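These notes are meant for a colleague who is opening this structure for the first time. Please read them with the sequence and the model side by side.

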Amino acid sequence: MNQSTREAFDVVVIGSGPGGYVAALKAQAAGLRTAIVEKDARFGGTCLHVGCIPSKVFLHTASLLDEIREAKKMGIEVAAPSLDWNGLKRRSRRVIAKLAGGVSLLLKRGGVETFHGFGRLAGPGAVEVVAADESGTTRLEARNVIVATGSEARTLPFLPLDGDRIVTNAEMFSLDELPARLGVIGAGAVGAEFASMFRSYGSEVELFEVLPRVLPLEDAEVSEVVGKAFRKRRIRVRTDARVEAAEVVETGVQVRYRAGEETRTAEYDRLLVAVGRAPRTTDIGLETVGIELERGGFIPVDGLCRTGAPGVFAIGDVVGTAQLAHVASAEADVAVAAIAGREVPPLRRDRMPAATYCVPEVGSVGLTEEAAAAGHELRVGRFPFAANSKANILGDPTGFVKVVAEAEYGEVLGVHIVGPHATDLIAEAVVALDHEATLESLARSVHPHPTLSEAVAEAALAASGAPLHA
């Protein structure tokens, strides 16, 4: 195998997902000579190619199907819609190709040097890049390294993933045909989104969650609304249910699960495993710089994304924070600022927003009511979308906005939204928490009418004890 050495870079980034490519662009813009290493043929990482972006393309089509089915209620006569599965896959590939080309162009215009191959640390101040065809190795001298290698879908030891019948989210976007019967293990954000979209496509869907409620990391009242909405849509929701075995048979996948004291079986055309994501920290040379992994395989870092090894930073899914694209991008900004010598406050990880694009949508930031009650006296306000003008205009009055605040000064500690466009509305709450807004300041901020955003102000009024429209 041929080996070459490149002169020193100020920063070498391993991985080109929304953490890695943002870090590379920001580092180069800060005047730091920067290189990025990507093991795959195209830049963009899991989020762009088999995660956030294709899933939202598929979810948008699901939403359009639902809207067209309800068109008569809006005064529109239209024939019953049908899904073109292959057409949807082609559209998804076009969107991905366009965005991947955009990332490549940004790196080129930004002056970032790019390397394709498997990147790993090779001791202090060095990164080794093995060509995809193993024809050669390039050694990069690096004053600083940012590890942004991302994550991959977890599985369970008794579930034999085959990429066809028993699959992860990555394979769901390339199935040959729409499954008539879909089983989903895991009712977190990924499982809930796939259960929601495939039900809209017409599949029979059964959703398994070992914990007592769907979206178990969200506020309990939010989870309750989503669970009821799923059941109303005839998604079979099995909470407190543990899948114990799965076997591929001639007619599909047979699943054995335990619900309470009873053991049951079910059969599906496809079984989606959505039980979380594991960091990609294997065989990337961490031991060569003395980094020991935390439980779960995560890289320990401080508030500025510094590891215990001098000059080595880690961001995104490998560090044990919320495994979300926007969190990785925010961590990229902090890491580059630290390398460039700029003063930057550590990230408030408790203020990272979460968004789930099922029906109904969920957006949240800050503390849940349960978590906040553990250390604060609270004022809590809720405002239902059923009382919001725009939600009724849209014909989508499901859900509510919930504001959680500490009692003495009214500082907002958390906002939780379930309902129409919750994933967009939550941005206002992120700004509110970042600026330490109070119930009074949030309620007094003038919101345009008629909009869904008025529900945020109304929830703040309700928490203040002065509800207006509910």
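1. Strand 20 and strand 21 (residues 400–406) pair in the antiparallel sense over seven bridges, where strands are DSSP runs of E with at least two residues, helices are runs of H or I with at least four residues, and both are numbered from the N terminus. Two strands count as paired if DSSP finds at least two bridges between them. Within this pairing, Val380 has Val404 of strand 21 as its bridge partner.

2. The model is a predicted one, in which local features need pLDDT of at least 70 and side-chain atom pairs count only at pLDDT 80 or more, while totals for chains, interfaces and linings use all residues. Residues are numbered from 1 along each chain as its sequence is written, and side-chain values use heavy atoms, with hydrogens and water left out.

3. The antiparallel pairing belongs to an open sheet of five strands in the order 18-19-22-21-20. Its edges are strand 18 (354–356) and strand 20 (378–384), each of which pairs on one side only. Helix 13 (residues 454–463) packs on this sheet and touches strand 20, strand 21 and strand 22 (412–419), with its direction at about 140 degrees to that of strand 20; contact means heavy atoms within 4.5 Å, and angles run from 0 to 180 degrees between N-to-C directions, with axes fitted to C-alpha atoms, for helices over the stretch in contact.

4. Another open sheet has five strands in the order 8-15-9-10-11, and here the pairing is parallel. Strand 8 (166–167) and strand 11 (236–239) each have a single partner strand, so one side of each is left without a neighbour in the sheet. Strand 10 (residues 204–209) is joined to strand 11 by four bridges, and Glu209 stands opposite Thr239 of strand 11.

5. The structure holds 30 salt bridges, each defined as a side-chain nitrogen of Lys or Arg within 4 Å of a carboxyl oxygen of Asp or Glu. In one of them Asp283 meets Arg120, with the closest N and O atoms 2.9 Å apart. This pair links distant parts of the chain, since Asp283 lies in the loop between strand 16 (277–279) and strand 17 (312–314) and Arg120 in strand 4 (residues 118–121), 163 residues apart. Arg120 counts as buried because its relative accessibility is 19%, whereas Asp283, at 47%, counts as partly exposed; buried means under 20% relative accessible area, exposed over 50%, and partly exposed in between (1.4 Å probe, protein chains only).
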